[in-house]
Amino acid sequence: MTRVLVDDMIFRMQAAGGVNRYFIEILENILSDHKDIIPALQKTGPSRTPLPDSFRIRRLKQFKKGPQRLRPLANALLIKSFRPDVFHSTYYQPAPSPDVKTLLTVYDFVFAQFPFLRQNAQAFVAEQKRAIETADAIVAISHETKRQILSRTDAKEERISVIYPAASGVFLESPTTSKEAEEFRSRCDIPGRYWLYVGSRNPYKNFNTLLRAFAMSALESDMHLVVAGGNDTLDIPQTDFLLQQRLLDRLHLLPGLSDADLRRAYAGATAFIYPSLAEGFGIPLLEAMSCGTPVIASDIPVFHEVAADAALFFDPASQEDLANAMSHLLDGKDTARLTAKGRERVRRFSWKEAACRMANVYRGLAS
C-alpha cells in the first residue's frame with residue numbers, strides 16, 4: 001500500500017478552474033482503479049470546491065481548538081498517525097515532515113512571465129522555484145511546462161514526469177442535440193449565433209484583444225459573444241468600448257454555468273475562441289473539441305501541443321489576425337474539418353491514463 005497525503009491549498013484558493021479539476025479527476029480515478037493507493041486530504045480550512053466523495057479518502061482536519069501553542073504538535077501527530085509515504089502539494093506547499101517524499105505538480109510560469117499580475121510576484125516566483133528544486137519528484141502538465149521548468153530552475157530532467165489533463169466525462173457524452181442547444185440559447189436570452197469564450201478575464205487571458213476582434217468582425221455579421229465563467233461584470237474601459245461600438249446588447253456574461261450547461265454552450269457555438277498569451281495546458285480546448293466545436297486559439301507553443309492541427313491559430317498580439325480567423329469560420333467552409341480533427345485529437349487525452357501515470361509516480365517515490 002502507498003499512502004499519499006494531498007494538501008488542500010488549491011481547493012481553498014479556487015471555486016472553479018483547471019487546477020482543482022486536475023486533482024479531483026485524478027483522485028477520483030485513482031480511488032476507482034488503484035486500490036493500493038490510499039489518499040488523504042490535509043484539511044486546513046474551508047474548501048471552495050466540492051471534494052471527491054469516497055469512503056476511501058481520509059480527511060485530516062486541522063486542530064483549531066485547545067491551547068494555541070499545542071496545535072502545531074497536535075496537527076503533526078495527526079499527520080504522523082496517517083504515516084504518509086508521499087506528500088503531494090497542489091500549490092507549492094512545503095512537506096509537513098522532512099522524512100516524507102515530496103511530489104509537486106507544476107502548471108505554468110504565468111507570474112514569472114507577467115509579474116504585474118500579482119502582488120509580490122517576485123517573492124512568489126522565488127518560492128515556486130524553491131519548491132520545484134527541493135521536490136523529490138515533479139509532475140508537469142505539458143511538455144511546454146516541463147521545458148520552462150528546465151529553463152527557469154535547476155531541477156533535474158529525470159525527476160520530471162509529464163501527465164496531461166483531459167476533458168471530463170460530461171463533455172464526452174453523446175452529442176448535444178440541436179434541441180438542447182436551442183433550449184440553452186433561449187434560456188440564456190442569446191438571440192442568434194455566437195462565439196464562445198470560457199474562463200477568467202485576467203490580463204494574460206487576452207480578453208481585450210478578443211473584444212476588439214469581435215467589434216471588427218461584427219461589421220460583417222450579427223454574431224454575439226458569450227462569455228462563460230469569470231465574474232458577472234465588465235471593467236469600465238471594456239463597457240465603454242462596447243458602448244461606443246454599439247455592441248453591449250451582443251455580449252452575454254454567463255458566470256457559474258454547470259458543466260452540463262457549459263457543454264450546451266460549447267455545442268451551440270460557431271467557434272470557441274481561446275486568446276491567451278500564456279497557459280500551462282488549456283483544458284477548454286479539449287472540452288470544445290469533445291463537443292464538436294471548432295477552435296480558434298492563440299499561436300502559443302502549448303496550444304499547438306494540445307490541439308495540433310485541430311485548431312485555427314492566430315497571432316495573440318493582433319486583433320486583425322483574430323478577426324480574420326473569425327471571418328474565415330463564418331462561411332462554415334472549415335467547420336467540418338475542424339470538428340472532425342477535434343474529435344480525433346481529444347481521444348489522445350484521458351483522465352484514466354493520467355491517474356495511472358500519477359499512481360506509478362506515487363509508487364516509485366514510495367519504493
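**Exercise 1.** Which residues does N29 touch, not counting residues up to four places away in sequence? Describe the setting of N29 in this predicted model.

*Solution.* 
Step 1. Locate the residue: N29 belongs to helix α2, which spans residues 18–33.
Step 2. List the contacts: beyond the excluded sequence neighbours, N29 touches H34, W351, K352 and A355.
Step 3. Follow the side chain: from N29 it reaches the backbone oxygen of E25 at 2.8 Å.
Step 4. Classify the accessibility: the relative accessible area of N29 is 12%. Buried means under 20%, so N29 is buried.

**Exercise 2.** Decide whether T339 is buried or exposed, and name its contacts outside its sequence neighbourhood.

*Solution.* 
Step 1. Take the relative accessible area of T339, 18%. The cut-off for buried is under 20%; T339 is therefore buried.
Step 2. Leave aside neighbours within four places in sequence; T339 is then in contact with G292 and P294.

**Exercise 3.** Find where F114 lies, and state how far F114 and A278 are apart in sequence and in space.

*Solution.* 
Step 1. F114 is in a loop, with α4 (110–113) and α5 (121–134) on its two sides.
Step 2. In sequence, 164 residues separate F114 and A278. In space, their C-alpha atoms are 9.3 Å apart.
Step 3. Check for contact: F114 touches A278, and also Y204 and L277, when residues up to four places away in sequence are not counted.
Step 4. F114 has 14% relative accessibility and so counts as buried.

Conventions:
Residues are numbered from 1 along each chain as its sequence is written. This is a predicted model: local features need pLDDT of at least 70, side-chain atom pairs count only at pLDDT 80 or more; totals for chains, interfaces and linings use all residues. Side-chain values use heavy atoms; hydrogens and water are left out. Helices (H or I, at least four residues) and strands (E, at least two) are DSSP runs, numbered from the N terminus. Buried means under 20% relative accessible area, exposed over 50%, partly exposed in between (1.4 Å probe, protein chains only). A polar contact is a pair of N or O atoms within 3.5 Å; within protein, one must be able to donate a hydrogen and the other to accept it, and residues adjacent in sequence count only if both atoms are side-chain atoms. Contact means heavy atoms within 4.5 Å.
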